[in-house]
Amino acid sequence: MTYNRETEQFRTFGRTKGRALTPTQQEIMDRIYPKVRWDSEKDGAQDRTRPLWLEVGFGGGEHLAHQAKLNPDVDILGAEPFLNGVAKAVKHIEENNLENVRLYQGDVRTVLNDLNENSLDRAFVLFPDPWTKTRHHKRRLINEDFLDSLHRVLKPGAELRFASDIIHYVDWTLTRLHKMGGFDWPARRSSDWRVPPHDWCPTRYEAKAKREGRECHYFRFVKK
């Protein structure tokens, strides 16, 4: 994977902006986001005394805020390219007085390049865009380069949580994780991937998938 910090030459597929922010959203973004924005110079390579978790593509921020409230002694970083999603997460931060969250609007690969080796205690990749058409599979987040980068920054024994409602993407991900060989999958029974973890927070995307009749799958992997 090549990366040029000066030009941030990562290609991000899909939208980064939707409908224009409302005046209220824009005011909150202007006031709050600069205070919680991930600073690679200050936050990326520092020696940490608290656990650090990363959520990749946090959507509207429901799960991110839930985990931050549930784990006040953990620093939680969210990376999301979609501006409207970041605005929603900023609102969650303000409404819940969350002091342990940092956000990055942009490609998560920038954040992964900023982080030291063995610096993450947990990572979440929940319902990523499946890019279901065969010609679009190359756009999927889960690929060899991404898994290698994520493996580098996770601590030994750290947890990777992955969820999807698209069975083909589930197979795609399991195949690539098995091939790269850097993670154990400690599942012993079907309920280990059919039942969400005890600290799960339902999201709007998950609810939509269930309404449309798609079964959701929840996986936990551990870095070797």
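Among contacts between residues at least 6 apart in sequence, 80% join residues at least 24 apart. The model described here is a predicted one. The protein has 224 residues, of which 47% count as buried, and its secondary structure comprises nine helices and seven strands.

**The sheet**

- Seven strands make up an open sheet with mixed pairing, and their order across the sheet is E3-E2-E1-E4-E5-E7-E6.
- The edges of the sheet are formed by strand E3 (101–105) and strand E6 (183–184), each of which pairs on one side only.
- Helix H4, covering residues 83–95, packs on this sheet and touches strand E2 (75–80) as well as E3. The direction of H4 makes about 165 degrees with that of E3.
- As a general point, strands of a sheet pair through backbone hydrogen bonds, in either a parallel or an antiparallel manner.

**Strand E7 and its partners**

- Strand E7 (residues 217–223) pairs with strand E5 (residues 154–164) in the antiparallel sense, over six bridges.
- Within this part of the sheet, Leu160 stands opposite Phe221 of E7, and Phe162 stands opposite Phe219 of E7.
- E7 also pairs with E6 in the antiparallel sense, here over two bridges.
- Phe183 has Lys223 in E7 as its bridge partner.
- Six of the seven residues of E7 are buried, so the strand is largely enclosed by the rest of the structure.

**The packing of helices H6 and H7**

- Helix H6 spans residues 144–153 and helix H7 spans residues 167–180; the two pack at an angle of about 60 degrees, with their axes 10 Å apart.
- That angle makes H6 oblique to H7.
- The crossing in which H6 passes H7 is right-handed.
- On the H6 side, the contact involves Glu144, Leu147, Asp148 and His151. These residues meet Arg176, Leu177, Lys179 and Met180 of H7.

Notes
Residues numbered from 1 in each chain as written. Predicted model: local features only at pLDDT ≥ 70, side-chain atom pairs only at ≥ 80, totals over all residues. Heavy atoms only, no water. Axes fitted to C-alpha atoms, helices over the stretch in contact; angles between N-to-C directions. Helix = DSSP H or I, 4+ residues; strand = E, 2+ residues; numbered from the N terminus. Parallel < 35°, antiparallel > 145°, perpendicular 65-115°, else oblique. Left-handed = near helix turned anticlockwise from the far one by under 90°. Contact = heavy atoms within 4.5 Å. Pairing = 2+ DSSP bridges. Buried < 20%, exposed > 50% of the residue type's maximum accessible area, 1.4 Å probe, protein only.
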